[in-house]
Amino acid sequence: RALRIGTNHGSLSDRIMNRYGDTPLGMVESALEFARVCRRHGFHDLVFSMKSSNPKVMIACYRLLAARLAELGPDWNYPLHLGVTEAGEGEDGRIKSAIGIGALLCDGIGDTIRVSLTEDSIHEIPVCRDLIEQTGRLANLEPLPDCPPLPFDPFEYRRRPADKLPLGEGLACGGDEPIRVVVSRAQREALGPIAPGQDVRPEGVVEDLPVVGVDPRQPFALPEGAGLVTVRDDVPLPAITAFRLLAARLRQMNCRWPILLKDCLRLPEPPLPSRLALLQSATVLGALLADGLGDALWVRLEPDASQALRLAYNILQAVGSRSFKTDYVACPSCGRTLFNLQTVTARIKARTAHLKGVKIAIMGCIVNGPGEMADADFGYVGGAPGKVNLYVGKTPVKFNIPEAEAVDRLVDLIREHGKWIEPPAPAATS
Ligand code: SF4
C-alpha cells in the first residue's frame, strides 16, 4: 500500500519550527525528513501532501516541494496530493479549494486532489471533476516564445509594487490600498441602489476608469500619465498566462501602473452555469492574487451582477487579501469527529457571521484539530463526546463545556476578548 507523508501548517515539530519557523520551507523539509526514513528502508510507494487552510501558504509549499524534489533527482519524483485543508462549506469552501488546487493544477503540479468540504463527502467529487476539467483552458503549460522572466517569486508571497491611482469617491487602488472590486456599467445598473455602509459594494465602474487594454505577447507602450492596465479581450491566451505575461512586461518596462485583473478574456457563449463560473473565477483570480499580482478585479463570468460582486469579495477574503466578513476554518469531519460538524457550523455562523475580520475554527477533535486551526482567533474543538473545548488562538482556555451551551460560551469568549459587536437589527419588512 502507498503511504502518504503529509505535513500540516501549524503543527510542525519543535525542531523544525526552531530551524525554519512555521513556513513553507519548514513544511517541505519536514516532509523530506520522513521520506528519507522511508527511502532508507527501501520503501518508495510515497505520496506527499502539504496541508494548510491558507491557499497562499499551500500554493507556496507545493511549488517549493516540487522544486526541491526536482533538485534531488529523478528518483525523487514522487506524486503530490493536493488539497486545501479545513476549507469549510458552501461557496466559501469551493472558492478556497479552487484557489489552492486550481492554481497548482494550472502550474502543472498535482497528481491526485481532494476538495475537503464540511458537507456530505459525495458533494466533493463533482467539484473535483469540474476543477480538473477546467484546468487546460486557464493556463498555458508550454513555454511562450520571447517570454520575460517570471514577474514574482513563486515561493514567497509579495505584492507587486504599483503606483496609487485615484478611482473617485475618495477611493484609490495600487500602492498600499486594498485590492478594489470594480464592475461594468451594465453590472452597476443591474445592482440598483447600494445601502450606505454596505460592505459588499462596487468600488469603481470600468467604463469610467482610465483603463488601458494591451496585448502582452509583444512589448507595448502605454500612454503618458497614469492609468489602470489590463489584458485586451482579444488576446488568444489563457487568462492566468496572459496576466502573468502582462506583469512581466511591465517589470521589464519599470512600469508601476496598477493592474486590473479579469476572470476571463472572452465571455463564454452560452454563459457558464454559476457553479462553474465560481470555480473558474476563483482559480484565475486566486492564482494571480496569490502571485501578488492585481490592484483591482472584475468578475464577469458569473452572469448575475449581485452574485458576481459577492464572488469578487469572497475571492479576496479566501485568498487573504481583504476581510469583509467572519472567516471560518472548519474541518471536513472524519471517524474522530465528536459532534455534528454541519449543524454546529451552521449554529456558530448564525451567531457570529457579522464579526468582520474575526477568524473562527470549528474542529471535530482535539487529536488534530488544534494543530490545524491555522491562525484562527478562536477555536471550537470537540474535546470528548458531547463536550467542547474553546481556544483563544492556539491556547485552550475552557474545557469540557456541554455541547448545548458551547456556542453561548464561544460568544462570551469573543466578547471577553473585545472582538464582539452586536449584530445589525433585522431590516424592517413592509
Ligand atoms: S475530526 Fe479531527 S482528525 Fe477528523 S478531520 Fe476533524 S480535526 Fe481532522
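View 1. At 46% relative accessibility, Lys-356 is partly exposed (between the cut-offs for buried, under 20%, and exposed, over 50%, with a 1.4 Å probe and protein chains only). Asp-199, also partly exposed at 36%, makes a salt bridge with Lys-356, their closest N and O atoms being 3.3 Å apart (a salt bridge is a side-chain nitrogen of Lys or Arg within 4 Å of a carboxyl oxygen of Asp or Glu). Asp-199 sits in the loop between α6 (185-191) and β8 (211-214) and Lys-356 in the loop between α10 and β13, so the pair ties together parts 157 residues apart in sequence (helices, H or I of at least four residues, and strands, E of at least two, are DSSP runs numbered from the N terminus). Please note that this is a predicted model, where local features need pLDDT of at least 70, side-chain atom pairs count only at pLDDT 80 or more, and totals for chains, interfaces and linings use all residues. Residues are numbered from 1 along each chain as its sequence is written, and side-chain values use heavy atoms, leaving out hydrogens and water.

View 2. Shared partners join Lys-164, Glu-177, Arg-180, Glu-203 and Arg-322 into one network of salt bridges. Within it, Arg-180 meets Glu-177 at 2.9 Å, N to O; Arg-180 is buried at 6%, and Glu-177 is buried at 15%.

**View 3. Surroundings of the ligand.** Around the ligand you will find Cys-331, Pro-332, Ser-333, Cys-334, Arg-336, Thr-337, Gly-364, Cys-365, Asn-368 and Gly-369 (each with a heavy atom within 4 Å).
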